[in-house]
Amino acid sequence: MSRTLNAAPNTALILSGGGARAAYQVGVLLAIAKLLPQHAANPFPIICGTSAGAINAAGLAMGAGEFRRAVFSLARMWQNLQPEQIYHGSISALLGTGAHWLGALLLGGLGKYNPRSFLDNSPLREFLSGVVDFSQIQRHIDSGALRAVSISALGYSSGQSVAFFQGAADLDGWQRASRIGVRTELNVSHLMASSAIPLVFPAERIHREFFGDGSVRQIAPLSPAIHMGAQRVLVIGVAPQSDDNPARQHTTAYPSLAQVSGQLMNSIFLDSLETDLERITRINRTISYISPEVRAQANLNLRPVEVLTISPSQPLEKLTLPFRREFSLGMRFFLGGLGAFRRQGSVLASYLLFCGPYSRKLIALGYHDALQKEQQLRDFLAAEPPK
């Protein structure tokens with residue numbers, strides 16, 4: 001007889017940043033929904049999202065009463081997505097932005113308004129306001145279907161990684177080196193801030209400070225979930241996991257701007273998560289040598305955290321090139337000039353390709369990769385918390 005998949009209240013879901021790559025996470029969630037009963041409630045009482053992952057986190061939190069329906073809504077959203085719903089990418093819009101940047105450089109910043117970003121993402125605010133009902137989050141917290149949801153962003157003045165969270169009354173904020181947790185009532189501004197890729201999208205003002213993409217300076221992506229009581233964490237990444245270092249390639253061609261920008265984005269979105277996962281593994285190994293009794297006698301506030309990671313089985317940038325025409329003519333011109341449609345520069349395009357056909361490809365890959373770990377997922381959701 002199979003075990004019922006009912007996650008404990010200390011089970012968390014981590015949805016990392018990655019721009020358009022976050023569609024991959026929805027494929028994994030669809031596979032999880034398949035493993036659950038049709039009308040099962042949310043199996044992840046603690047949900048943490050960053051950047052585009054924050055949008056997925058808000059969608060799940062909004063529909064925490066019925067997990068499958070919430071995931072299907074996210075899938076429909078991504079599958080029908082168009083770049084024009086995220087940013088203005090027409091030739092006229094890009095020429096206007098280019099002229100603004102050029103004028104600011106030539107005038108030494110003497111203009112009244114200095115450039116804020118390369119792309120105008122004002123359509124995203126209208127889009128999110130139409131698809132995310134934030135009032136449902138507190139309702140699900142009050143019903144017990146959800147314990148907490150957090151959205152991370154970077155404060156441009158303080159330099160702090162701020163986890164804005166809405167959750168049960170017994171949860172307190174926290175403060176650590178360069179990162180804090182702040183209780184609030186989440187709204188569309190938190191999503192705009194968390195997904196504001198530096199230089200690409202403009203910062204968002206929340207209260208007294210401007211905030212940008214939560215992946216920047218997020219040195220401990222698992223930290224918000226652990227502070228909110230998580231003992232079991234499912235992490236859905238957007239970069240392939242590999243124990244082997246990539247082979248160095250001999251090249252004589254100078255790297256394109258797209259290739260350099262892509263590596264910078266990888267550093268922002270991917271490196272801190274991989275580092276934090278390594279740290280958790282080392283800490284768990286250390287704790288395993290100390291019995292719970294000894295930890296209690298020594299008043300060591302340490303507990304193991306079970307982590308399951310699902311990540312792409314292939315590099316997502318390799319899937320972008322067939323969909324280059326999904327970009328507007330202006331974006332094709334702009335990204336082509338940067339070298340984003342060459343093999344080494346396609347990483348940049350993979351972060352900005354917000355379109356249905358590409359999303360469907362990533363969703364299918366996420367679904368496949370998750371089902372490859374079906375038994376691990378079943379064990380993870382049914383297991384008791386580690387001691």
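Asparagine 56 is buried, with a relative accessible area of 0%; buried means under 20% relative accessible area, with a 1.4 Å probe and protein chains only. The model is predicted: local features need pLDDT of at least 70, side-chain atom pairs count only at pLDDT 80 or more, and totals for chains, interfaces and linings use all residues. Residues are numbered from 1 along each chain as its sequence is written, and side-chain values use heavy atoms, without hydrogens and water.

Helix α2, residues 52–62, holds asparagine 56; helices are DSSP runs of H or I of at least four residues, and strands are runs of E of at least two, numbered from the N terminus. Beyond the neighbours within four places in sequence, asparagine 56 is in contact with Leu15, Ala22, Gln25, Val26, Leu74 and Trp78, where contact means heavy atoms within 4.5 Å.

| Partner | What is taken | Distance |
|---|---|---|
| Tryptophan 78 | polar contact, side chain to side chain | 2.8 Å |

A polar contact is a pair of N or O atoms within 3.5 Å; within protein, one must be able to donate a hydrogen and the other to accept it, and residues adjacent in sequence count only if both atoms are side-chain atoms.

Elsewhere, helix α14 (residues 374–382) has Leu377, Phe380, Leu381 and Ala382 buried. Their cover includes β1 (11–15), α1 (23–35), β9 (232–236), β10 (306–310) and α13 (356–371).

The chain has 14 helices and 10 strands, and 52% of its 387 residues count as buried. Its C-alpha atoms fill a box of roughly 65 × 45 × 40 Å along the principal axes.

Technical notes
Buried means under 20% relative accessible area, exposed over 50%, partly exposed in between (1.4 Å probe, protein chains only).
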